[in-house]
Amino acid sequence: MSRSKVHNVDDSGGDRGFSSKDIGSPGPLPRRLYQVWKGNNKFLCGGRLIFGPDAASVLLTATLIGGPAITFCIKMLLLIGVVNPLFGYIVLIVGSVLTVLDFLFLFLTSGRDPGIIPRNSQPPESDEACDAATPSIEWVNTKVPDLKLPRTKDILVNGQTVKVKFCDTCLLYRPPRASHCSICNNCVQRFDHHCPWVGQCIALRNYPFFVCFISTSTFLCIYVFTFSWINVLRQGGNLWKAMSHDVLSVALIIYCFIAFWFVGGLTLFHLYLICSNQTTYENFRYRYEKKENPYNKGMLQNVKELVFGKIPPSMIGFRTWTAEYDTGGSVTSEFEQGYVRKFDIEMGGSLRKEGEPQLPSILQRLDYSGLDEKLKRKEREGSAAFDPLFLPAHLDSKCPKQQLGNGLKISSGHRIVDTGSHQIASISPLR
């Protein structure tokens, strides 16, 4: 079993988990990928549910939707004995179905992978030589000396040139229509926007559910608004007097009227984006740069692509086992390379200039203050000013001694490096 990949697969191709022999093998203990993921996502149910860092806003959204909707359903349930039972039950059932669907689409939008692109542990190899002083080359030369990567690349999409950018965080060239979400800290396929109301990026894999969510919310607002007015007008007589007798319906009318302008306007805007095959990000960017949309296939084809298009599977298996979470490098590799070649972009890591020596990170964390004071005290007392760890005590008694001019005795198993000073500059073992 490879230590870098600890995901076991049986003969039939299925995941068989881990055995006691696998867990006892040397190397870092295996963990689920979601447990070591560098993005800002929050995971529930063992990595099965994926939320954004602001997932708590989902509770607020659910309260803003569910509070008025459930209140309306309860009121209609109480009015069944007063109004026509058939009318009351139909209004109640339709209102309940719309409320449940709204909650369902909210959950499907916020609790699934929006289309996160797997990040690279190392920059890709450059397939072309670039001598121009672009920001990308300057950045790569600062981090990885022997690598040159252009900041952007041009690719053809439907006969039009589209630029793809290199992501400094994920260390990859983003696919067309992808973008890096600064809130979730992930590159996402067909990125539309990060919605704070659902606490998740809206992108390739959850955009259809998002459209259904805002559309259902709009219909729910219109539904509650309409039948709340019917409940008020049903009483007859003076309008103001009827409104004073049914304050709850008046409150629902005002609330739904305000909410409609928000969710209704958002729904109309996204219907326009669907018909033109744009994302929110592309709409503002192309309008600013005065470019044509290379993905527009005509209104009918654009709508068909969203309605009948298949949602692709997730590119990342967050529940797979992995041991590749020790990204800080090993002591051996740091000594062999002479300087640290691995770095962590997200944590702001940096390297020294090429050729400069650098201690491994494990040695930099050691406390040398006590050792330094001990050596200085021995030097003042006139005793040996070197660490006895150079020669074990049980071997020191067996080696002949040589007397030096300053009274310092060292074993013959070491040689003296004379630097012209009265003190011994260094002592190294004979080879």
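Student: In β5, which residue is the bridge partner of Leu156?
Tutor: This is a predicted model, where local features need pLDDT of at least 70, side-chain atom pairs count only at pLDDT 80 or more, and totals for chains, interfaces and linings use all residues. Residues are numbered from 1 along each chain as its sequence is written, and side-chain values use heavy atoms, without hydrogens and water. β4 and β5 run antiparallel. In β5, Leu156 has as its bridge partner Thr161.

Student: What is the bridge partner of Lys153 in β5?
Tutor: Look again at the antiparallel strands β4 and β5. Strands are DSSP runs of E, at least two residues, numbered from the N terminus. In β5, Lys153 is partnered with Val164.

Student: How many bridges join β4 to β5?
Tutor: Two strands pair if DSSP finds at least two bridges between them. Lys153 with Val164 is another. The number of bridges joining β4 to β5 is six.

Student: Which residue in the turn between β4 and β5 has a positive phi?
Tutor: The two strands form a hairpin. Two residues lie between them. Phi is about 55 degrees, and the residue is Asn158.

Student: In β6, which residue is the bridge partner of Cys167?
Tutor: β5 covers residues 160–167. Two bridges join β5 to β6, and the strands run antiparallel. In β6, Cys167 is partnered with Leu172.

Student: Which residue in the turn between β5 and β6 has a positive phi?
Tutor: β5 and β6 form a hairpin too. Four residues separate the strands. With a phi of about 55 degrees, the turn residue is Leu171.

Student: Which are the edge strands of the sheet?
Tutor: The open sheet has three strands, in the order β4-β5-β6, with antiparallel pairing. An edge strand here pairs on one side only. That gives β4 (152–157) and β6 (172–173).

Student: Are α7 and α9 roughly parallel or roughly perpendicular to each other?
Tutor: Helices are DSSP runs of H or I, at least four residues. Axes are lines fitted to C-alpha atoms over the stretch in contact, with angles from 0 to 180 degrees between N-to-C directions. The axes of α7 and α9 (residues 299–307) come within 6 Å and cross at roughly 110 degrees. The pair is therefore roughly perpendicular (65 to 115 degrees; under 35 is roughly parallel, over 145 roughly antiparallel, the rest oblique).

Student: Which residues of α9 make the contact with α7?
Tutor: Contact means heavy atoms within 4.5 Å. From α7 come Ile274, Cys275 and Ser276. From α9 come Met299, Asn302, Val303 and Leu306.
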